[in-house]
Amino acid sequence: MRIVLDAMGTDNAPLSELDGALLALESDPDLHVILTGDQDLLAPQVEESGAGDRIRIVHAPQRVDGAEPPVSAVRRSPNSSIRVGLDMQRAGNASAFVSAGSTGAVMAASLLTLGRLRGVDRPALGTIFPTGSGPTLVADAGANLDCKSQHLVQFARLGTIYMQDIQGVREPRVGLLNVGSEAAKGTEVLQETYRALAASDLNFIGNVEGRDIVHHACDVLVCDGLVGNIMLKFYESLAQFLARELGTRLNPVGLDRELEDAFRVFDYAEYGGAPLLGVNGVSVICHGGSSPKAISAGIGVAARSVRSGMVAHIARDPAFR
């Protein structure tokens, strides 16, 4: 299996990407990684890595500027590491694409290059939230800031398929993020979404309040991208804050083994990147500050998405026909 990795995406590019690719190759003997980026920068490091023919480079001299509007940046950079990588997948020269570059740029390029699956109105960014007793997929986590009821229902279905195929949950419990558990709570859009989900064939358990997320109230949590992205960033920062504060107060040298094990549950690096669900291909978006471990996990998500046939599963779902 060939997976394209944007080598110019992280804050520590290309070192995090290369080290992450090497970790992924160690754990998956059938994997080959194609790095897109500056040939002159990458070639000496790849040669030194000793990975042989399991890593190769495709030259992509441009780098998308995250400060530009995403669509404009993507269109003005046809030879960027993002565009070149996605073009390879569309042409059938790779099975999946992984990037820790600008989230907006990767989403825009994925839509422009791969396109949407038939019947999908808006692809959703699905992000795993670790909890004390299992992962919860939040959809949407930032791709769509203003949503109608039909979009949220589609996010629930996309998330359900992801949890079935990638996490192995047979009947994922779907929850709707809201300010209260009662059906009449929230905005008109949320009330309409509640009724539509309740009438669907999904395993809908009702509204979920924010305080219940960490208790694994559901397997798929549905919300618009504005709420999802704010919640994601708060969630990440809170885990880091608590780890730092507890480590400093209880042990000035750092966290002891038990605390490290406890906080590992909330480490995004354990779960990898966020797939853009509903595009006609596999596009996985990693955190810009991703460590090699997180990059490796993101490659793992991409590989499992390909092997499980997740895109084909979405395409054949009657709701999207």
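Glu209 is buried, at a relative accessible area of 18%; here buried means under 20%, exposed over 50% and partly exposed in between, with a 1.4 Å probe and protein chains only. The structure is a predicted model, where local features need pLDDT of at least 70 and side-chain atom pairs count only at pLDDT 80 or more, while totals for chains, interfaces and linings use all residues. Residues are numbered from 1 along each chain as its sequence is written, and side-chain values use heavy atoms, with hydrogens and water left out.

Glu209 sits in the loop between strand E9 (204–208) and strand E10 (220–222). Helices (H or I, at least four residues) and strands (E, at least two) are DSSP runs, numbered from the N terminus. Leaving aside residues up to four places away in sequence, Glu209 touches Leu177, Asn178, Val179, Gly180 and Ser181, where a contact is a pair of heavy atoms within 4.5 Å. Its side chain also meets that of Arg211 in a salt bridge, 3.4 Å from N to O. The term stands for a side-chain nitrogen of Lys or Arg within 4 Å of a carboxyl oxygen of Asp or Glu. Arg211, for its part, is exposed, with a relative accessible area of 60%.

The loop between E9 and E10 also holds His216. Phi of His216 is near 60°, a positive value in a residue other than glycine. With a relative accessible area of 13%, His216 counts as buried.

## Salt bridges across the sequence

How many salt bridges does the structure hold? The count is six. As background, side chains of opposite charge can pair when their charged atoms come close.

Take Asp28 and Arg307: their closest N and O atoms are 2.9 Å apart, giving a salt bridge. This pair links distant parts of the chain, 279 residues apart, with Asp28 in the loop between helix H1 (15–27) and strand E2 (32–37) and Arg307 in helix H10 (residues 292–308). Asp28 is buried at 12% relative accessible area, whereas Arg307 is partly exposed at 47%.

Then there's Asp317 with Arg157, another salt bridge, this one at 3.8 Å from N to O. Asp317 lies in the segment after helix H11 (310–316) and Arg157 in helix H6 (residues 149–165), so the pair ties together parts that are 160 residues apart in sequence. Asp317 is buried, with 12% relative accessibility, and Arg157 is buried too, at 13%. Asp201 joins in as well: Arg157, Asp201 and Asp317 are linked in a network of salt bridges.

## Met310 and its neighbours

Helix H11 contains Met310, which is buried with a relative accessible area of 4%. What does Met310 touch, not counting residues up to four places away in sequence? The contacts are Ile161, Tyr162, Asp165, Ile166, Leu277 and Ser305.

Met163 makes a handy reference point for distance here. From C-alpha to C-alpha, Met310 and Met163 are 9.9 Å apart in space, against a separation of 147 residues in sequence.

## Two cis peptides

Check your omegas around Pro14. Ala13 and Pro14 are joined by a cis peptide bond, with omega about 0°, and Pro14 is found in the loop between strand E1 (2–6) and H1.

Another cis peptide bond runs from Ala139 to Asp140, with omega near 20°. Asp140 falls in the loop between strand E7 (136–139) and H6.

## The whole chain

Zooming out, the chain has eleven helices and twelve strands. Its C-alpha trace spans about 60 × 55 × 35 Å along the principal axes. The radius of gyration is 20 Å, which agrees with the value near 20 Å for a compact globule of 321 residues; it is taken over C-alpha atoms, and the globule rule is 2.2 Å times the number of residues to the power 0.38. Of contacts between residues at least 6 apart in sequence, 70% join residues at least 24 apart.

As for the surface, 51% of the 321 residues count as buried. The chain exposes about 14,500 Å², 50% of it supplied by carbon and sulfur atoms; areas come from the Shrake-Rupley method with a 1.4 Å probe, and for residues only the protein chains shown count as cover. The mean positions of the 28 positive and 37 negative charges are 6 Å apart. Lys and Arg count as positive and Asp and Glu as negative, leaving out His and the chain ends, and each charge is placed at NZ of Lys, CZ of Arg, CG of Asp or CD of Glu.
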